[in-house]
Amino acid sequence: MRLGAVVLTMGNRPDELRALLDSVAGQKGDPIEVVVVGNGAPLPKLPEGVRKVELPENLGIPGGRNVGIEAFGPAGSEVDALLFLDDDGLLPHTDTAELVREAFAADPRLGIISFRIADPDTGVTQRRHVPRLRASDPMRSSKVTTFLGGANAVRTRVLAEVGGLPDEFFYAHEETDLAWRALDAGWGIEYRADMVLHHPTTAPSRHAVYHRMVARNRVWLARRNLPALLLPVYLGVWLLLTLARRPSLPALRAWMGGFKEGWTTPAGPRRPMRWRTVWRLTRLGRPPVI
């Protein structure tokens, strides 16, 4: 199985980027083709053989990753699967690529694999990095309904069949949008605790646009993918959960502004999932109302 890797960078972490590229080059098995996308930033000197794309402006996380996909041909067709990795991440084990190949070979309907993110110093996996509701045991692998954006592998046949990430999201929930479309097309998604990406522990709210985009994209996600009957349920639940978490007043204002923006701006193409997909998500432990 031919593997490629897409690495997105803002050009401000050259040492971490080089360490990640070294960890990819050190994987056992056939070499992994790599493209580094400079998202609105010039790229540092890269190892020989690494492809590079320098974008004149920041297209956001999904837009930048989509450019990286196309660097491997339409829908990444030059390879069989793509790894999507954070530029400040690191693959600490040399057998991760081989585990990816084995997993895809063993299950032809497995479309996406979500890696376990662990802090390089403490080994701790944050609860938010376990893509399921029952997240107390990050060492348990399982089938899931979404995946982690900077620590995953996607079969390129999935991208060819259902399309790439939603460019307009810019940041937040773009993985779930792709995951729901893949599940609706019959593909499977797995969280694998034995496939590890080292990444420093961070808070998502470190991004200035976090609260607005999380709310806006939550609405867009629902408008694009959910049956009409589930729209008010899903968004009502998330509104109540947000209020229950008692965010600061500035954060709440930003969230409410994003929630309104999600309703008043175009969400992109609407392709509501089938009811049997709703049931499948429910059986997997995360019905699309939460």
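Biologist: Which residues line the second largest cavity?

Modeller: This is a predicted model, and the space in question amounts to about 30 Å³. By class, its lining divides into one nonpolar, one polar and three charged residues. The residues that line this second largest cavity are Arg-181, Arg-224, Asn-225, Pro-269 and Arg-271.

Biologist: Is Arg-181 buried or exposed?

Modeller: Arg-181 lies in helix H5, residues 174–184. Leaving out residues up to four places away in sequence, Arg-181 touches Val-162, Gly-163, Gly-164, Leu-165, Pro-166, Arg-224 and Asn-225. Its relative accessible area is 11%, and the limit for a buried residue is under 20%. Arg-181 is therefore buried.

Biologist: What is the volume of the largest cavity?

Modeller: The count comes to two cavities of 30 Å³ or more. The lining of the largest cavity includes Arg-65, Phe-84, Phe-147, Leu-159 and Glu-175, and helix H2 (60–70), strand S7 (151–155) and H5 are the elements that each give two or more residues to it. Seven of the lining residues are nonpolar, two are polar and two are charged. The volume of the largest cavity is about 70 Å³.

Biologist: Which element gives the largest share of the lining of the second largest pocket?

Modeller: That pocket holds about 220 Å³ of space and is lined by 15 residues, with Ala-25, Ile-32, Val-34, Glu-48 and Val-50 nearest its centre. Two elements give two or more residues to the lining, namely helix H1 (14–25) and strand S2 (33–38). The lining comprises eight nonpolar, three polar and four charged residues. The largest share, four residues, comes from H1.

Biologist: How many residues of H6 are buried, and what distance separates its end C-alpha atoms?

Modeller: At 1.5 Å a residue, the 16 residues of H6 should span 22 Å, and the distance in the model agrees with this expectation. As for cover, 13 of the 16 residues of H6 are buried. The end C-alpha atoms of H6 are 22 Å apart.

Biologist: Which residues are in contact with Trp-180, leaving aside its neighbours within four places in sequence?

Modeller: Trp-180 is one of the residues with the most contacts inside the largest nonpolar core. Beyond its neighbours within four places in sequence, the residues in contact with Trp-180 are Thr-145, Leu-221, Asn-225, Leu-226, Tyr-234, Met-273, Leu-281 and Pro-288.

Biologist: Is Arg-246 buried or exposed?

Modeller: Most residues other than glycine have a negative phi, and most peptide bonds are trans. Arg-246, in the loop between helix H7 (231–244) and helix H8 (249–264), has a positive phi of about 50°. Its relative accessibility is 74%, and the limit for an exposed residue is over 50%. Arg-246 therefore counts as exposed.

Biologist: Is Ala-75 buried or exposed?

Modeller: Ala-75 is found in the loop between H2 and strand S4 (81–86), and its phi is positive, near 55°. Its relative accessibility is 18%, and a buried residue has under 20%. Ala-75 therefore counts as buried.

Notes:
Residues numbered from 1 in each chain as written. Predicted model: local features only at pLDDT ≥ 70, side-chain atom pairs only at ≥ 80, totals over all residues. Heavy atoms only, no water. Core = buried A, V, L, I, M, F, W, Y, C linked by side-chain atoms within 4.5 Å. Buried < 20%, exposed > 50% of the residue type's maximum accessible area, 1.4 Å probe, protein only. Contact = heavy atoms within 4.5 Å. Expected span 1.5 Å × (residues − 1). 1 Å grid on protein atoms, 1.4 Å probe; cavity = no way out; pocket = protein on both sides within 12 Å on 5 of 7 lines; lining within 4 Å. Points joined across faces, edges and corners; volume = space filled by probe spheres on them. Nonpolar A, V, L, I, M, F, W, Y, C, P; charged D, E, K, R; others polar.
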